[in-house]
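Subject: Structure for you to look over

Hello,

Here is the structure I said I would pass on. My notes on it follow below.

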Amino acid sequence: MTAKKRIHVMPIAVCDSCGGALSVEAPLFHCALCNASPRRRSFARIFREGRIAPQQADAKALCIAEERANRDRIATHFAITPAALYGHRHGKGTVEGVDVRDLAPFADASFDLVTAVGVFDYVDGADRAFASVARVLRPGGLFVLHILGHLMHDGDAPPRLNKTLFSSDTWLSHVPRDVPVSTFFYTIGWTTQALCDAGFAPEVVRHDDPVGPQTWFLARRN
Ligand SMILES: [Zn+2]
């Protein structure tokens, strides 16, 4: 009696950041080859699809607390101004002390692209912040917004507090000690409507990464 050879076929997906294979059955959060997070993989796809391509040669981008891999991609097509509320680790020449709710250092209609990828997760007052992003974008400019999957749900409810963290959490080590940082739950319906109210025409794009859906708001300034 011969044992039948069992061939276990593992469905795979492709890492959009490096092109390597991702297991679908036992997906790793970070790509085993390039270490890209689901968000970074998904951003690479958004970028490669030409969804944030500039409309003219000397296009300017404001990148709010953007991670390096995404900045490097954006810098191939845009002149970048990096900005962050705390610290200067978001790229050379980072404008520090920038609150997305007013974007005070920046003039009206001064950018063609604003990215906030993993920023609004922590913003108390998103509607005010959408208005300030609209202010600094030129008409026709694009706002790229991503909020982590576990904070972004279906429905129309307004944002609500998830929990409050402090700089003792490793990924918040750049935040001054004792400054509380809260995260918020969002809904796709509320976010879409709030972007419309702030003067955008938003498109929602969802990628089904093996570890969970990645939701993007690509909001064109009216
Ligand atoms: Zn990869």
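Start at Gly-199, which follows helix H4 and has a positive phi, near 105 degrees. Please keep in mind throughout that this is a predicted model.

H4 itself covers residues 188-197 and lies across strands S11 and S12, at about 150 degrees to S11. Which residues of H4 are buried? They are Thr-191, Ala-194 and Leu-195. Seen down the axis of H4, these buried residues fall within an arc of 100 degrees, so they line one face of the helix. The partners against which the buried residues of H4 pack are helix H3 (126-136) and strands S10, S11 and S12.

S11 and S12 belong to an open sheet of seven strands, ordered S5-S4-S3-S6-S7-S12-S11, with mixed pairing. Its edge strands are S5 (95-96) and S11 (200-209), each of which pairs on one side only. Within this sheet, S6 (residues 111-117) and S7 (residues 137-146) run parallel and are joined by six bridges. One of the residues involved is Ala-116, whose bridge partner in S7 is Leu-145. Helix H1 (residues 38-48) also lies across part of the sheet, namely S6, S7, S11 and S12 (212-221), and runs at about 120 degrees to S11.

S10 (residues 181-187) has pairings of its own. With S8 (residues 152-153) it pairs in the parallel sense over two bridges, and Met-152 stands opposite Tyr-186 in S10. With S9 (residues 160-165), S10 pairs in the antiparallel sense over five bridges; here Leu-165 has Val-181 of S10 as its bridge partner.

The last item is Cys-34, found in the loop between strand S2 (21-23) and H1. Gly-19 is 15 residues from Cys-34 along the chain, and the C-alpha atoms of the two are separated by 9.3 Å.

Regards

Definitions and conventions: Residues numbered from 1 in each chain as written. Predicted model: local features only at pLDDT ≥ 70, side-chain atom pairs only at ≥ 80, totals over all residues. Pairing = 2+ DSSP bridges. Helix = DSSP H or I, 4+ residues; strand = E, 2+ residues; numbered from the N terminus. Contact = placed C-beta atoms within 7 Å. Axes fitted to C-alpha atoms, helices over the stretch in contact; angles between N-to-C directions. Buried ≥ 20, exposed ≤ 12 C-beta atoms within 10 Å, placed from the backbone. Arc of directions from axis to C-beta.
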